[in-house]
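Biologist: Please take me through the labels in turn, and set each value against its definition.

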Amino acid sequence: MLTIDIDIARHFILGKQGLWPGRRWRGLKGTEKAMRAIEYLQLDPLQIIARSQDITLHSRVLDYTPGMWETVTYKQRKFFDWGGWLAVRPMDELPHWRVVMHRERDAMRLEHADAVAEMREILKERGTVSNRDFQMATRTRTQSYRGRKDSALALYYLWRIGDVMTHHRERFERVYALTETVAPENLNYESSEEEADRFLFKKEVSFAGLARLKRVADSYFRGVPFEKSRQIVEAMLADGEFIEVKVEGWKESHYALASDAKLLRDLSAGRIPKAWTPLETTTTDEVLFLAPLDPVSARGRAKVLFGFDYIWEVYKPESKRKFGYYTLPVLWGDRLVARFDSKLDRTTNTFNILGLWLEDKALGKDEAFAEALACGFERFVKFLGARKMDAKAIREPLLRRRVSLLSK
């Protein structure tokens with residue numbers, strides 16, 4: 001068993017995810033590389049300042065512009081989106097996911113069978129369809145949160161079982177097509193169940209960097225049968241695909257990919273991988289803003305890795321929010337040191353800071369942090385395409401003054 005301290009664990013997880021010690025990818029090609037490193041690019045439709053998936057990639061890829069992920073996914077066909085836990089996955093993984101889709105077919109209840117058969121025929125005739133192509137007046141009304149029309153539920157069902165795929169998106173809404181017209185022919189098959197199960201666990205560990213693999217709900221929803229999970233993990237450990245890692249201060253051991261053992265040892269010895277060398281600024285020179293669904297901070301992970309208590313409050317009633325509607329964590333160096341809430345006024349094309357909260361008040365007078373924060377906001381404003389920025393809500397005079405220079 002390999003033993004590391006929390007600082008090495010944090011560096012390892014941040015580095016694996018492409019967040020530390022700085023951005024190491026650029027542009028469209030870099031977007032593809034980042035998406036592969038992330039393993040799962042989770043998608044969310046909300047667009048308050050920008051969608052979560054675009055913020056996720058902005059924090060990793062230089063010169064990233066909103067929608068680049070759609071280019072490599074739907075135009076270049078390097079990725080596909082799928083799942084009740086909606087995420088983009090590499091297209092070359094499709095044979096393994098076809099096994100999971102087959103399991104979905106066996107597990108999901110088929111409703112509106114006539115509508116399902118009808119959608120199949122319409123897709124054969126038209127090539128692509130979306131939910132908007134069918135008027136409510138001509139359909140059977142449903143009460144599902146997945147859709148209010150039988151046509152919507154039928155298309156969703158066909159998508160979940162793998163008979164159709166997302167051809168592209170319009171205003172984030174899926175436009176469907178038959179799978180054989182989207183997926184490359186050489187990838188449109190099912191791998192063996194054993195191959196798929198091992199792949200799913202390996203991907204889960206790579207996604208987390210360090211994983212407990214006791215979160216059975218996560219593994220189950222990725223498609224691994226509950227009763228097989230323990231057996232598969234033990235076999236992969238015995239076969240040398242996983243190693244056990246003990247992080248000082250954490251109660252339970254975690255798993256890492258055996259191929260990452262050298263990386264963990266190098267980090268423990270103070271060596272940063274050459275492949276992680278930033279193209280421009282480091283996270284000490286320029287802060288990064290983490291998306292609400294970023295893997296390193298979402299779902300309680302910020303507390304474990306950084307001692308930073310972060311909850312996305314977008315679904316909380318306003319009276320119960322502690323910070324704000326769309327608060328983003330601020331990464332400086334290898335720590336989460338602040339959070340801010342903001343909105344983009346599209347009428348005036350102004351990026352408005354609604355509040356900034358520091359974990360340590362002393363940062364309000366720290367010149368190095370003020371410079372790094374200003375650099376982070378400068379790049380962020382350009383990413384959003386905003387014309388100006390309003391930072392009056394920042395309470396600390398030094399930080400407000402330095403950030404406000406962006407609007408001059």
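Biologist: Why does Asp-63 count as partly exposed?

Modeller: A residue is called buried under 20% relative accessible area and exposed over 50%, with partly exposed in between (1.4 Å probe, protein chains only). Asp-63 has a relative accessibility of 47%, so it falls in the partly exposed class. Please keep in mind that this is a predicted model, in which local features need pLDDT of at least 70 and side-chain atom pairs count only at pLDDT 80 or more, while totals for chains, interfaces and linings use all residues. Residues are numbered from 1 along each chain as its sequence is written, and side-chain values use heavy atoms, with hydrogens and water left out.

Biologist: What makes the phi of Asp-63 worth a remark?

Modeller: Most residues other than glycine have a negative phi, and most peptide bonds are trans. Asp-63 is not a glycine, yet its phi is positive, at about 60°, and its place is in the loop between β4 (61-62) and α4 (68-75). Asn-349, also not a glycine, has a positive phi near 55°, and it lies in the loop between β16 and β17. With a relative accessible area of 27%, Asn-349 is partly exposed.

Biologist: Where is there a cis peptide bond?

Modeller: The bond that joins Trp-20 and Pro-21 is cis, with omega at about 5°, and Pro-21 is found in the loop between α1 and β2.

Biologist: Why is the pair of Trp-20 and Trp-276 called edge-to-face?

Modeller: Rings of Phe, Tyr and Trp (its six-membered ring) pair if their centres lie within 6.5 Å, and planes under 30 degrees apart count as stacked, over 60 as edge-to-face and the rest as tilted. The structure holds 23 aromatic pairs. For Trp-20 and Trp-276 the ring centres are 6.3 Å apart and the planes stand at 80°, so this pair is edge-to-face. Trp-20 lies in the loop between α1 (6-16) and β2 (25-26), and Trp-276 in the loop between α12 (261-268) and β14, so the pair ties together parts that are 256 residues apart in sequence. Both Trp-20 and Trp-276 are buried.

Biologist: What are the values for the pair of Phe-340 and Phe-377?

Modeller: Phe-340 and Phe-377 are 5.1 Å apart from centre to centre, with 70° between the planes, which makes this pair edge-to-face too. Phe-340 lies in strand β16 (residues 335-345) and Phe-377 in helix α14 (residues 367-384), so parts that are 37 residues apart in sequence are tied together. Phe-340 has a relative accessible area of 0% and is therefore buried, and Phe-377, with a relative accessible area of 0%, is buried as well. Ring pairs link these two into a cluster that also includes Tyr-64, Phe-289, Phe-351, Phe-380 and Phe-383.

Biologist: Which ring has the charged end of Arg-169 over it?

Modeller: A charge sits over a ring if NZ of Lys or CZ of Arg is within 6 Å of the ring centre and within 35 degrees of the ring normal. The charged end of Arg-169 sits over the ring of Phe-172, 4.4 Å from its centre, and Arg-339 lies over the face of Phe-323, at 4.2 Å from the ring centre.

Biologist: How do you know that the span of helix α9 agrees with its number of residues?

Modeller: Helices (H or I, at least four residues) and strands (E, at least two) are DSSP runs, numbered from the N terminus, and the expected span of a helix is 1.5 Å times one less than its number of residues. Helix α9 (residues 193-208) has 16 residues and should therefore span 22 Å; its end C-alpha atoms are 23 Å apart, which agrees. Twelve of the 16 residues of α9 are buried, so the helix is mostly covered by the definition used above. Gly-209, which follows α9, has a positive phi near 85°.

Biologist: What joins strands β10 and β11?

Modeller: Two strands pair if DSSP finds at least two bridges between them. Six bridges join β10 (residues 164-170) to β11 (residues 173-178), and the two run antiparallel. They form a hairpin with two residues between them, and Arg-171 in the turn has a positive phi of about 55°.

Biologist: Which are the edge strands of the open sheet that contains β14 to β18?

Modeller: The order of its five strands is β14-β15-β16-β17-β18, with mixed pairing. The edge strands are β14 (288-289) and β18 (388-390), each of which pairs on one side only. Strand β17 (residues 350-358) pairs with β18 in the parallel sense over three bridges, and the bridge partner of Thr-350 in β18 is Lys-388.
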